[in-house]
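Student: Could we go through this model together? I'd like to see how the labels follow from the values.

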Amino acid sequence: PKSFAIFLIAMCAGPMGAYAQNDCKKPVYLTFDTGHMAVAPLVADVLKRQQVQATFFAANERTQEGDGSLGDHWAPWWKAMAGQGHEFASHTIDHAYWRGDVADRQGGATRFRIRPSAGPREGQESVVDAAGYCRQIQQASQRLQAITGQKPLPLYRAPGGKTSPALLAAARSCGYAHVGWSPAGFLGDELPSDKFSNTALLQKALRDIRPGDILLAHLGIWSRQDPWAPAVLEPLISGLKTRGFCFATLRSHPDYAGWLATHKE
């Protein structure tokens with residue numbers, strides 16, 4: 001019957017292509033870290049048009065417009081992204097880079113040298129214990145939940161991907177598993193555009209990305225003169241789809257299935 005055919009079409013289309021995502025044999029996992037946010041509305045448009053869900057790792061970074069990437073100015077954007085089925089996770093509230101471990105001479109717990117690139121201690125190196133580092137992770141997660149009304153995933157990404165075994169253990173102790181990215185998933189939007197053109201970055205990604213890869217991009221990089229997003233984003237998504245890939249959030253990534261099952265939101 002015609003009504004049943006319409007129902008099947010609707011089911012297959014699904015919100016943000018959910019049916020195709022579940023049925024896909026070649027998933028990739030598109031993730032974004034925060035940045036200056038100038039391209040965020042354009043990124044959102046591409047993802048909506050392409051019916052692609054992504055995972056966003058958020059810190060309260062300085063922005064070209066507004067009061068920080070997790071400030072009130074950008075809160076409606078995050079809320080809208082939640083409504084479109086995207087997932088969220090922490091990038092540490094002050095975008096705090098790990099700079100090194102500090103071993104306790106008396107055999108106590110390892111502490112960590114960090115240097116935030118945002119927040120009240122921007123550019124200042126300090127030493128924190130595991131609880132202090134956990135607060136960095138938790139505050140970003142809590143802010144995301146307050147803005148979106150959606151519990152973020154119990155995952156986080158350290159700025160620059162810089163970590164140590166002790167740092168990862170500290171994060172796990174307070175309920176967060178670290179997420180890096182695949183070698184081919186480094187999409188290059190942090191690189192200087194005079195040496196790494198958008199065309200070259202797109203060609204490399206389409207050539208090298210493999211099923212299961214975690215892809216990394218940003219919501220605006222201050223230093224890149226020719227912005228990667230959204231110029232490369234849509235042809236990358238379209239090109240990968242043509243090659244039989246689909247897009248999923250980290251909620252369905254097999255490497256984190258066990259962690260997510262035992263650390264329910």
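Student: Which elements do the buried residues of H4 pack against?

Tutor: Bear in mind that this is a predicted model. The buried residues of H4 pack against H3, E2, strand E3 (87-90) and H5.

Student: What makes residues in H4 count as buried?

Tutor: Buried means under 20% relative accessible area. In H4, that label goes to Ala75, Trp77, Trp78, Met81 and Ala82. They span an arc of only 160 degrees around the axis, so they sit on the same side of H4. Pro76 and Gly83, on the other side of H4, are exposed, and that label takes over 50%.

Student: Which residues touch the most other members of the largest nonpolar core?

Tutor: Leu30 and Trp78 do, in a core of 45 residues. Among the elements that each supply at least two residues of this core are strand E1 (27-33), helix H4 (75-83) and helix H5 (130-148).

Student: How do you know that Leu30 touches residues from elsewhere in the sequence?

Tutor: Contact means heavy atoms within 4.5 Å. Not counting residues up to four places away in sequence, Leu30 touches residues including Leu47, Leu187, Ile237 and Phe247.

Terms used. Residues numbered from 1 in each chain as written. Predicted model: local features only at pLDDT ≥ 70, side-chain atom pairs only at ≥ 80, totals over all residues. Heavy atoms only, no water. Core = buried A, V, L, I, M, F, W, Y, C linked by side-chain atoms within 4.5 Å. Buried < 20%, exposed > 50% of the residue type's maximum accessible area, 1.4 Å probe, protein only. Helix = DSSP H or I, 4+ residues; strand = E, 2+ residues; numbered from the N terminus. Arc of directions from axis to C-beta.
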